[in-house]
Every structure is written in structure tokens, then in C-alpha cells.
Amino acid sequence: MSEEAVYAAAERTQAGKIREQYTALSRLQTLSTVLSAVPEFVLVLNKDRQVVFANNAFVRFLNMDSPASLCGRRPGELLHCMHSGEMIEVRELRSGDLDAVVSLLGQLDEVTSTDSRVRDRSVHRTYELMVRFPDLYRNYVAVEHSRIVGLISLVFYKTLLHEGGTALINELVVSNSERRRGIGTQLIKAGIAAARECGMDEIEVGTERGNRHARRFYKHVGFNLEYVLFGMEF
Ligand SMILES: CC(C)(COP(=O)(O)OP(=O)(O)OC[C@H]1O[C@@H](n2cnc3c(N)ncnc32)[C@H](O)[C@@H]1OP(=O)(O)O)[C@@H](O)C(=O)NCCC(=O)NCCS
């Protein structure tokens, strides 16, 4: 007789809802005071098994700034469980992914100023152009249970004074309910592997000055702050 494996649902609660759940719990003064005084670890999880509250002992154990920074993640991810990133596949972007990618790119609105109407029109057209030049453009998506949860888009270029070549990250975004699970890191690795394959020997990215999260992320994955990028729109 064969035993059927039963898996917990992969669905996650949206980031906005997680914030509401965290705020609601933090407002329960007696509860948070009591939990914070407990020396053992206490986590409150929502129906999707995501942390919506953690006591001081657990926050200190992880060396995090505040309970808010843990919210939305699953216990296994916080403890770097060996299986937490296993369901993620990183593969090349396909035309069938584009609608999901358009909605994912909408999450960049929180960090950049793009006109969403232009973006929705141009993504399909630009993708058609890019696939004709695979030595110049590469796009990869992170997929979990057939759901697109991340994207990296790169351009490879040469300059007269540089024998190798440079991979420039144009867009990198991870779905806001899936952040801090190592997906951004996996996408960077895929980008570097593709860049190497195309003969590039460095990778660069520009990010908004105020995007503290991205700055921490890029430092964490090994980027150094090397240049100041000037820009002019016309
Ligand atoms: C930046 C971004 C792509 C990171 O993706 P991610 O999947 O959450 O990143 P990872 O889980 O691989 O993070 C790796 C490490 O980077 C650092 N890091 C990532 N996000 C961070 C944050 N919000 N605050 C502080 N450090 C952070 C941490 O050291 C993290 O390791 P840890 O979780 O074990 O502490 C994601 O936050 C995102 O899509 N942001 C919005 C879009 C954006 O700003 N893109 C970059 C524009 S160029």
C-alpha cells in the first residue's frame, strides 16, 4: 500500500494584511507585555503559518531590529531550515509569464517612480524584442508551485576599455509576501551564472538612494558601493 504525502498549502497572506495582523496583536498591551517577559521563544502564526508576532527572546536570538522585521516569514525560513527554499525554481522568463510579471513589477512602485500605464503596455513589447538578442538580454523568474514570485532582468554590455564585459541588473523584484526567503539571492546567482556564460566578468546595479532594504541586500550578496550614478531623463 502506498502512502500519499500531504503538504501544507504554499499560499501566503499579503504583506498589507500581515501588517494589520501584527498591528492588531501589538495593540493588545497585556498580551504583548506578558509574551515579551517570557524567557522562552514565543511566536504567533497566522493561518498561512507566517509569523505575525514574536516575543523579545526570539527577536534577540535572531539578532533582528524588531518583531516587525520577522513578520510574514515562516519559522523554518527564520531558522534557515534546509527545506525552506527548496520549492523555488529559477528559470528563464517565458511569454506566458508576462501578465504575472507585470503585476510583480507593480511592486516596484514602492521604490521607484514609474508610470504604471506605460509599464503595462511596454512589458510585452520589450520582452519580444529582448528574446531576439539572448546575448544581450536575460530575464529569469523564480517560480514556486507555478506562481511567479521573483524576477531579475539583466543587460550585458561591452565597453572599449574593458576586455570582459558587464552585466547590469535593470530590474530585480521579489513578491512582497515572499521576501527574506533567499529568493533574491537565488535570482542574483542565476544572473551571475548567465553573465559568466556570456563572457561577462562583472555585475552592477543602480538603486534609489533611499532604498535601504535593497542597499542592505546588495551588500549582503557581495556587491560593493563603487560608483555614483548620474542620470538625466529626456
Ligand atoms: C531587494 C529584494 C529583491 C531582496 O529580495 P529577498 O528575496 O527578500 O532577499 P533575500 O531573502 O535573498 O535576502 C538576503 C539577505 O539580504 C539582506 N536583506 C534582504 N532584504 C532586507 C531588508 N528588507 N532589510 C534588511 N536586510 C535585508 C538580509 O541580510 C538577507 O538575509 P537574511 O534574511 O538571512 O537576514 C526585495 O526586498 C525586493 O524585491 N524589494 C523591492 C524591489 C527592490 O527594491 N528591488 C531592488 C531595486 S534595484
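User: How many residues surround the ligand, and which of them are the closest?
Analyst: This is a predicted model, in which local features need pLDDT of at least 70 and side-chain atom pairs count only at pLDDT 80 or more, whereas totals for chains, interfaces and linings use all residues. Residues are numbered from 1 along each chain as its sequence is written. A residue is taken as near a molecule or strand if its C-beta atom, placed from the backbone, lies within 6 Å of it. The ligand is surrounded by 20 residues, and the closest are R179, G184, T185, H213 and H220.

User: Which element supplies the largest share of the shell around the ligand?
Analyst: Helices (H or I, at least four residues) and strands (E, at least two) are DSSP runs, numbered from the N terminus. At least two shell residues come from each of β6 (162-174), α7 (183-197) and α8 (212-220). The largest share, five residues, belongs to α8.

User: How is the shell around the ligand divided by class?
Analyst: Ala, Val, Leu, Ile, Met, Phe, Trp, Tyr, Cys and Pro count as nonpolar, Asp, Glu, Lys and Arg as charged, and the others, Gly among them, as polar. On that basis, the shell around the ligand holds nine nonpolar, seven polar and four charged residues.

User: What is the order of the strands in the open sheet of five strands?
Analyst: Two strands pair if DSSP finds at least two bridges between them. Strand β3 (residues 88-92) and β4 are antiparallel over five bridges, with E89 opposite V143 in β4. β4 and β5 are antiparallel over eight bridges, and β5 and β6 are likewise antiparallel, over nine bridges. The pairing in the open sheet is mixed, and its order is β3-β4-β5-β6-β7.

User: Which strands stand at the edges of the sheet?
Analyst: The sheet is open and has five strands. One side of each edge strand is left without a neighbour in the sheet because each has a single partner strand, and these edge strands are β3 and β7 (202-205).

User: What angle does the direction of α5 make with that of β5?
Analyst: Axes are lines fitted to C-alpha atoms, for helices over the stretch in contact, and angles run from 0 to 180 degrees between N-to-C directions. Neighbouring strands of the sheet are turned by 25° against each other on average, direction ignored. Two residues are in contact if their C-beta atoms, placed from the backbone, lie within 7 Å. Helix α5 packs on the sheet, touching β4, β5 and β6, and its direction makes with that of β5 an angle of about 85°.

User: Which residues of the largest nonpolar core touch the most other members?
Analyst: A residue is buried if 20 or more other C-beta atoms lie within 10 Å of its own, exposed if 12 or fewer, and partly exposed in between, with C-beta atoms placed from the backbone. A nonpolar core is a set of buried Ala, Val, Leu, Ile, Met, Phe, Trp, Tyr and Cys residues joined through C-beta atoms within 7 Å. Of the 22 residues in the largest core, those that touch the most other members are Y140, V141, L151, I152, L154 and L187.

User: Which elements each supply at least two residues of this core?
Analyst: Y140, one of the core residues that touch the most other members, is in contact with residues including I152, L187 and A190, not counting residues up to four places away in sequence. The elements that each supply at least two residues of the core are α5 (98-105), β4, β5, β6 and α7.

User: Is S146 buried or exposed?
Analyst: S146 lies in the loop between β4 (137-144) and β5 (147-159), two strands that form a hairpin with two residues between them. Most residues other than glycine have a negative phi. Phi of S146, by contrast, is positive, near 65°, and H145 in the turn also has a positive phi, of about 45°. Because S146 has 8 C-beta neighbours inside 10 Å, it counts as exposed.

User: How many other C-beta atoms lie within 10 Å of R49?
Analyst: R49 is in the loop between β1 (43-45) and β2 (51-54), and its phi is positive at about 65° although it is not a glycine. R49 is partly exposed because the number of other C-beta atoms within 10 Å is 15.

User: What distance separates the C-alpha atoms of S26 and P67?
Analyst: S26 belongs to helix α1 (residues 15-27) and counts as partly exposed, with 14 C-beta neighbours inside 10 Å. Although S26 and P67 are 41 residues apart along the chain, their C-alpha atoms are separated by 9.6 Å.
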